[in-house]
Amino acid sequence: MRKTPFHIQSRRSFLKSSIAGAAVAVALPAGAFAQAKVLKVAGIYTVPVEQQWVSRIHIAAVAAQERGDIEYTYSENTANTDYPRVMREYAEQGYDMIIGEIFGVEQEAREVAADYPDVAFLMGSSFKEDPALANLSVFDNYVQDASYLSGIIAGAMSESGKIGMVGGFPIPEVNRLMHAFMAGAKEMNPDIAFQVSFIGSWFDPPKAKETAYAMIENGADLLYAERFGVSDAAKEKGILAIGNVIDTQPDYPDTVVASAIWHFEPTLDAAIAKVQAGTFTAEDYGTYSFMKEGGCSLAPYGTFEGKIPQEALDLVAKRTEEIKSGAYTVTINDEEPKSS
Amino acid sequence: MDLFDILLSASFWAAAIRIASPLIFATIGELICERAGVLNLGIEGIMVAGAFAGWISVWAGLPLWGGVAVALLVGMAFGALHSVLSVPFGLSQHVVGVGITLLATSVTFYTYRVVLPEVSSPPKIQAFQPYEIPLLSDIPLLGPALFSQTPLTYAAFVLALITGLVLFRTPLGLAVRAAGENPSAVAAQGLSVTAIRMGAVIVGSGFMAVGGAFLTMSAFDSFFFDMVGGRGWICIALVVFGAWRPGKAVLGAILFAAFDALQIRVQQTSLGTVIPYQIFLMMPYVLSILALVLMSRSAQVPAALMVPFNKGTR
C-alpha cells in the first residue's frame, strides 16, 4: 500500500536510548530501579512518528524511557511489505518488547510473533488477541469516552444543526469514535443531522479539505476533523471544528473548539509492568484507552473558555464523573456510520 | 441538492479546477517526456520530491515563487538522472522509472527527517491564496470557477498553452515530436536525438515536481508523506487519454477532477446513505477508464515510445 520501502533506525533515538541506558546504569546502584529490569523496547511504525495516531505511542514510549523503565528505539515509515522483516530483525536482536501497528499485516505479523515466543508484541490491531499466541497482545485507541464528550460540545455549538464528518477509512477505530461523537451531539440536540464521508486515504489533506468544503457548501457549520485538512477548510471558511486523537487547537485557535485526546501511557505502562513481572500474555489492551484508566481526555478548552454554553459544560462535567465512576458507559459501535 | 444543482454551481467547478491543477502540471510534464519517446514512471516519486522541496524551501524562508523554482530544479535533477539511464544507456524505461520513484520518495523522507528531526507535526507555511482576476472573475459561473483560483492554477493553464504552442508551432517542438516518432530522421537532420530526449525528460520532470508542489503550496499548506497518493499514475493515464495532445490532456484532467468533485458531493446527498462510499470513490476512475476507451481509439501513440535510440543502428 505504501510506496516507501524505507525504514531507518533513527540515529538520534539510538543515541538517546544509549544515553538513557547509561543514565539508568548510573542510577541502578542507588537502588531506584533495583528490582525491575530495564526492558529493551522497539517501535515499528508505518508512518513518521509525528503523525497523529503514532505520535501518541511514540510520546508514551519516550516518556517511559526518560523514567528509566525502558530502552527505546524505533523504525518509522516502514512499509507494510517490510513490516514483518523489521519485526524479525528486532526480535533477533534480543528486544524484550516490540510495539507497533499491524492493521495492514495482521496475518504475517502473527506468524512472526509465533516464531519468537520470548518476545512480547504489543500491536495496534483491528482484531482480537489469540489465546494460542500468548506473546501477542493487541490495543487500539478506544477513546470513545472523550469523543462522546467532544460530541456534547459540538451539539451545543452547531447553530445550523448540520455537522460534517470526514474520515479516512471506515475501520473499527474510526467508526466507534464517530458513533460516540454522534451520540454526544444528539444528546445535546436530538435534531442534529450528520454528513459522513470517507476519502479512502489516511494522508491526503487536499482531498480531505475538498470534502470538507463540499460539506460546508451543504450547510455544515461544524466539522469533526478525523483527518488532516478538515480543520484547514473550517478555518478558511470560518466555521468550527472538533479535533481528534491530538489537540489541534494550538494550530487553529479560533476554530477548533475541543479535541478528544488519546493517551497511550496507561496501555504501555501496563504492558511494561507485565513483561517485567513475567505475566505478559495474549490480551486486549483496548480498555486502557478508556477514560477510567486515564487513556483519553478532553483537551483543555483553551481559547474557547467561556464561549461554550454552560448547559453543555455541565453535561460534560456530569458525564465525566459518571464515566470515571462507571455509572455511565459510552456505547461502542464499530459499524460504518452513515449520513443522516 | 440534486445533480443539476451541483453541476450548475460555481463552487463545484471551482473545486474541479482546483483538483485538476496539480494533474495538469504533471500530465504536461509526462506528455513532453513521452512525445520525445521516453516513458517516465518516475512521475510519482518526482511529485513527492517536488511537494517536499517547494514546501520546505518556503518554510526555510524563500518566497512562494522561489519554492516553486526549487521544486522545478529538484524535479529536473531527478529527470537528469532518469534521462542519463534511459537515453544514452538505453536501459528499460519501466525499471528506471520505478527506480526513480522509489529513490525520490526515499530521499525525500531522509531529507525530511534530517531537516526536521523532532517535530510534533509538519510545520505549516503561508500558501498561495486565491487571486481574483479583475473583470474576468465577475463573469457568472465561469468567473468564480476559473478566475478566482490561486496563481499556481493560472500557471498550470499557461504552461499547457505554451507547451502546445512550442510542440506544434516551433522547430524545437517538431524536433521533440520527431524524436518520439522517428529518431533516425532526427539524426539524419544532424540533430542529437540523445540531447533532445534528455532535454525533454529533464524539463518534463521539472513540471511534474511543480505539480507535486501545488499540493503543499496551494491545495494545502503542509507536507505529509503519501499525500501525492497515486496522482502521478493518474497522469500517466491522462496522457493516453489526451492522445498525447496538451489540450485534450488538460480536458481529461478537468474531467477526472470534475468526477472527483462530483463524487464528493453526491456522497453527501441521500444517495450516500444507500450506496457504499467505495463506489463513489471509484467513480472518477471508472468513468475515466470508460472515457479512455472511447477517446484512445483515434489516439496516435508516438511510434518510438520506449524504443531506445542507438546512433548508427537500423
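## Where the chains meet

Let's start at the contact: chain B puts in 31 residues and chain A puts in 33 residues. Two residues are in contact here if their C-beta atoms, placed from the backbone, lie within 7 Å. On the side of chain B that touches chain A, the elements giving two or more residues are α2 (10–35), α5 (93–115), α10 (193–219), α12 (246–266), α13 (271–274) and α14 (277–295). α5(B) gives the most, with four residues.

That side of chain B splits into 18 nonpolar, ten polar and three charged residues. Nonpolar covers Ala, Val, Leu, Ile, Met, Phe, Trp, Tyr, Cys and Pro; charged covers Asp, Glu, Lys and Arg; the others, Gly among them, are polar.

## About the model

This is a predicted model: local features need pLDDT of at least 70, side-chain atom pairs count only at pLDDT 80 or more, and totals for chains, interfaces and linings use all residues. Residues are numbered from 1 along each chain as its sequence is written, while chains are lettered from A and ligands numbered from 1 in the order in which they are written.

## What chain B is made of

Chain B has 14 helices and zero strands. Both are DSSP runs numbered from the N terminus (helices: H or I, at least four residues; strands: E, at least two).

Along its principal axes, the C-alpha trace of chain B spans about 65 × 50 × 45 Å. Of its 314 residues, 54% are buried, meaning 20 or more other C-beta atoms, placed from the backbone, lie within 10 Å of the residue's own.

Now look at contacts in chain B between residues at least 6 apart in sequence: 79% of them join residues at least 24 apart.

Methods: A residue is buried if 20 or more other C-beta atoms lie within 10 Å of its own, exposed if 12 or fewer, and partly exposed in between; C-beta atoms are placed from the backbone.
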